[in-house]
Amino acid sequence: MAVNPPVPDDPERLAQFNVRIAGGDQIEAGEWLPGQYRFEAQRLIQMHANSEIMGALPEREWIPRAPTLARKMALTAKVQDEVGHGMLLYRVAETLGRPREEMYAELVEGRARFHNVFHYPAETWADVAIIQVFVDGAAMQTQGALRSCSYAPYSRVLKRICYEEDFHIQLGLDVWRALAEGTPAQRAMLQDALNRWWTPIIHFFGMPDKVSPHTETMLAWRLKVKSNEELRQQFLRRFVPIILEYGLIVPDPGLRWVEAEQRYVYTEPDWEELKRVGRNGGPKSAERLALRQSFYRQHAWVREALSRWTPIAA
Amino acid sequence: MDESWVQTLQAAPDIWAVFLQARRRDAHVYVGDVHASDAEMALLLAKENYARRDPCVSLWVVPARDIRATSGDAAEMFAPVTDKSYRFGGSYRQQQRVYRGGYQTAAADGDETR
């Protein structure tokens, strides 16, 4: 990414900053920050913003094909929320020192990253249910935890995002219920979508964290609040019961609850796939980026017109 | 006037701060920013971004860099130097007990210190 690696900070200010964060304080935009903190926070929030924009695409494909008018309106509202989240997040990322245009250009040119799940196809209407329940549910674990992060503007935006994500999950559960209670063909479609999405969703939280000075720093600065594995376990505890409740099959035969350890054991996924997909090497990466690019070019005249617009003097 | 504790918010000229009033008689509350080339566009974008679900009866937009703010270091300026309890009604329990329970109850508490 184009942010320059940070230069070393004044040790005294850094120590004061660390004490402040350790005491539970949050930092406002414009306050002094260690270079490394700015770099990490900026990268985190930009990646989140990218994912909101790219995440709108697989669902957008289903707006014209939604089975009823009620579903079409609800899905449109959800997609609008996601794009709105992107807007809020780019603005927060901007307060850490990079203009929105630059970040957006980086995304559409394929030089930036976005979440692994948005590199996969949404083949059927059941995929929409899976995305709304499991992808938004997974995101909610991470974002819910980060509401207590140390960067106040991000934390405020996350509160609003989580509030809206809750609507998305409830909507998804309703689509899920309709399919699960439907015809054998609808149930089969839901099970098939679940099977295809299982691995990407297990991947979503990332590899179990290595014990490293970097992770320690991220946790100490509260730019990370829970470990990847903690978040994955939290997700499984909430969502595995939903799969079972509707009589569907968990696509991992190795998945089981270990009472003594209070955690789920699951089959180790292929982490190489996550790395490949994360580098924009997923089945839909190129196509979706090309779509973003074409719209970005087609709408250049709108941006141009808006930036030149001067109102008639009152 | 000493302005060392007064700061201007660092923002590009196209950044507008948005204030939303949820119901009549509520205060306008800062909810976030929009990028816009003029006030009308800012209000339109603010409506789409901040008022598409929850109640709203009025929006204000203001160029973010026209806002003057106390600096972060000035936070201690607001910290009470002395005990401020005398400014709160809750500090005056004795008369509340007299009023509610009669003089005998209050005297039995033996609370004469406040």
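The conversation below goes through packing and contacts in a predicted model.

Colleague: What kind of model is this?
Modeller: It is a predicted model.

Colleague: Let us start with the largest nonpolar core. How many residues are in it, and which touch the most other members?
Modeller: The largest nonpolar core has 64 residues. Those that touch the most other members are A:Leu89, A:Ala93, A:Ala129, A:Ile130, A:Ala138, A:Leu190 and A:Ile201.

Colleague: Which elements give two or more residues to this core?
Modeller: They are helices of chain A, namely H2 (35-60), H3, H4 (100-108), H5 (125-146), H6, H7 (184-204) and H9 (228-245).

Colleague: And which gives the most?
Modeller: H5(A) gives the most to this core, with 11 residues.

Colleague: Which residues does A:Ala129 touch?
Modeller: Leaving aside residues up to four places away in sequence, A:Ala129 touches A:Gly172, A:Val175, A:Trp176, A:Leu179 and A:Leu190.

Colleague: What does the second, separate core include?
Modeller: That core has 13 residues, including B:Leu20, B:Val31, B:Val34 and B:Tyr50.

Colleague: Back to chain A. How do the axes of H5(A) and H6(A) cross?
Modeller: They cross at roughly 150° and come within 8 Å. Angles over 145 degrees count as roughly antiparallel, and H5(A) and H6(A) are therefore roughly antiparallel to each other. Their crossing is left-handed.

Colleague: Which residues make that contact?
Modeller: On the H5(A) side, A:Ala126, A:Ala129, A:Val133 and A:Met140 are among them. On the H6(A) side, the residues include A:Leu158, A:Ile169, A:Trp176 and A:Leu179. By class, the contact of H5(A) with H6(A) has 16 nonpolar, 6 polar and 2 charged residues.

Colleague: At what angle do H3(A) and H6(A) pack?
Modeller: The angle is about 165°, and the axes are 10 Å apart. H6 of chain A covers residues 152-180. H3(A) and H6(A) are therefore roughly antiparallel to each other, and their crossing is left-handed.

Colleague: Which residues of H3(A) meet H6(A) there?
Modeller: They are A:Ala74, A:Lys78, A:Asp81, A:His85, A:Leu88, A:Leu89 and A:Val92. In H6(A), the residues they meet include A:Pro153, A:Tyr154, A:Ile161 and A:His168. The residues of the contact of H3(A) with H6(A) divide into 9 nonpolar, 2 polar and 3 charged.

Colleague: Where is A:Ala93 placed, and is it buried or exposed?
Modeller: A:Ala93 is in helix H3 of chain A, which covers residues 69-94. A:Ala93 counts as buried because 25 other C-beta atoms lie within 10 Å, and 20 or more are needed for that.

Colleague: What does A:Ala93 touch?
Modeller: Not counting residues up to four places away in sequence, A:Ala93 touches A:Gln42, A:Ile45, A:Gln46, A:Ala49, A:Arg98 and A:Met103. As for A:Pro153, A:Ala93 is 60 residues from that residue in sequence and 9.3 Å from it in space, C-alpha to C-alpha.

Colleague: Is A:Ala305 buried or exposed?
Modeller: A:Ala305 is exposed, because 10 other C-beta atoms lie within 10 Å and the limit for exposed is 12 or fewer. A:Ala305 is found in helix H12 (residues 300-308) of chain A.

Colleague: How far apart are A:Ala305 and A:Met103?
Modeller: A:Ala305 and A:Met103 are 202 residues apart in sequence and 21 Å apart in space, C-alpha to C-alpha.

Colleague: Finally, how many residues does the contact take from chain B and from chain A?
Modeller: The contact takes 12 residues from chain B and 13 residues from chain A. On the side of chain B that touches chain A, strand E3 (29-35) and helix H1 (39-50) of chain B give two or more residues. That side of chain B has 2 nonpolar, 6 polar and 4 charged residues.

Key. Residues are numbered from 1 along each chain as its sequence is written. Chains are lettered from A and ligands numbered from 1 in the order in which they are written. This is a predicted model: local features need pLDDT of at least 70, side-chain atom pairs count only at pLDDT 80 or more; totals for chains, interfaces and linings use all residues. Two residues are in contact if their C-beta atoms, placed from the backbone, lie within 7 Å. Helices (H or I, at least four residues) and strands (E, at least two) are DSSP runs, numbered from the N terminus. Ala, Val, Leu, Ile, Met, Phe, Trp, Tyr, Cys and Pro count as nonpolar, Asp, Glu, Lys and Arg as charged, and the others, Gly among them, as polar. Axes are lines fitted to C-alpha atoms, for helices over the stretch in contact, and angles run from 0 to 180 degrees between N-to-C directions. Angles under 35 degrees count as roughly parallel, over 145 as roughly antiparallel, 65 to 115 as roughly perpendicular and the rest as oblique. A crossing is left-handed if the near helix is turned anticlockwise from the far one by less than a right angle, and right-handed if clockwise. A nonpolar core is a set of buried Ala, Val, Leu, Ile, Met, Phe, Trp, Tyr and Cys residues joined through C-beta atoms within 7 Å.
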